[in-house]
Amino acid sequence: MPRQVDHDQRRRQIAEAVWRLAVRGGLEDVTLRQVAAEAEVSVRLLQYYFGTRDQLLLGALEILNADSEQRARERLAALGETPGMRALVRGVLLELLPLDEERRNRHLVYIAYFIPFLVNPTLAEVARDAPHALEDLVAGLITHGQELGQVPRTIDAAAEAAFLVAGADGIQTTVLLGQRTPEDAVALIDHQLARIFTATPRG
């Protein structure tokens, strides 16, 4: 009896091939044939699971995003049952920093997507229309912090969230380039959070 194929595992196998190629040399010139060779599958099988090159790149990115979200949930859960809003915001922002090999490799893949998202109209449209989920999450946590008396009411939660996420993204690049240590990056995040979470929580 033939062995049943695990379709999710096959998609992951192909996606991981995309990620490896991204880290080694970017994605601008990557072809279906190169990905198929890296994944050790046929081009026909690759097309069966993902379709066109653009669909392949987007599909591999979706799998990477799902992995990232799962890792983030696990690390946030490790903070305990009642970590406080500041600790939760900090945990979210630290996911944007290359603080270990897993996050470093993930961010290198994300960087490899930057040029294709700029020059490919189909991918550019997807990137432009993507919801600001991370900013919304951070804004919601800051707002909840205001409700708990941990953040002054004068703070603009949406603006601060946009600044924090953009800042963490920028810091990420400096760490990858060796211009800033991971410890310095975390200290910068903590400095910004100290500016926001200044109120004395209600007892």
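Modeller: Start with burial. Buried means under 20% relative accessible area, exposed means over 50%, and partly exposed lies in between (1.4 Å probe, protein chains only). Ser-68 is buried, with a relative accessible area of 10%. This is a predicted model: local features need pLDDT of at least 70, side-chain atom pairs count only at pLDDT 80 or more, and totals for chains, interfaces and linings use all residues. Residues are numbered from 1 along each chain as its sequence is written, and side-chain values use heavy atoms, with hydrogens and water left out.

Colleague: Where is Ser-68 found, and what does Ser-68 touch?

Modeller: Helices are DSSP runs (H or I, at least four residues), as are strands (E, at least two), numbered from the N terminus. Ser-68 belongs to helix α4. Contact means heavy atoms within 4.5 Å. Not counting residues up to four places away in sequence, Ser-68 touches Glu-95, Arg-106 and Tyr-110.

Colleague: Now a helix face. Which residues of α3 are buried?

Modeller: In α3 (residues 43-50), they are Leu-46, Tyr-49 and Phe-50. They sit on the same side of α3, because they cover an arc of only 80° around the axis. The arc is taken from the directions from the helix axis to the C-beta atoms. Arg-44 and Tyr-48 are exposed on the other side. The buried residues pack against α1 (7-25), α2 (32-39) and α4 (53-77). Just after α3, Gly-51 has a positive phi of about 90°.

Colleague: Is Val-35 buried or exposed?

Modeller: Val-35, in helix α2, is buried at 1% relative accessibility. Leaving aside neighbours within four places in sequence, its contacts are Ile-14, Ala-17, Val-18, Leu-21, Val-30, Leu-46 and Leu-56. Arg-20 is 15 residues from Val-35 in sequence, and 9.4 Å from Val-35 in space, C-alpha to C-alpha.

Colleague: Which domains does the assignment give?

Modeller: Domain bounds come from an automatic or database domain assignment. Here it gives domain 1 (1-73) and domain 2 (79-202). Their contact takes 17 residues from domain 1 and 16 residues from domain 2. Their centres, over C-alpha atoms, are 27 Å apart.

Colleague: How many salt bridges are there between domain 1 and domain 2, and what area is buried?

Modeller: A salt bridge is a side-chain nitrogen of Lys or Arg within 4 Å of a carboxyl oxygen of Asp or Glu. The count between the two domains is zero. Buried area is the accessible area (1.4 Å probe) that two parts lose on being put together, summed over both. Here it is about 1,400 Å², with carbon and sulfur atoms giving 73%.
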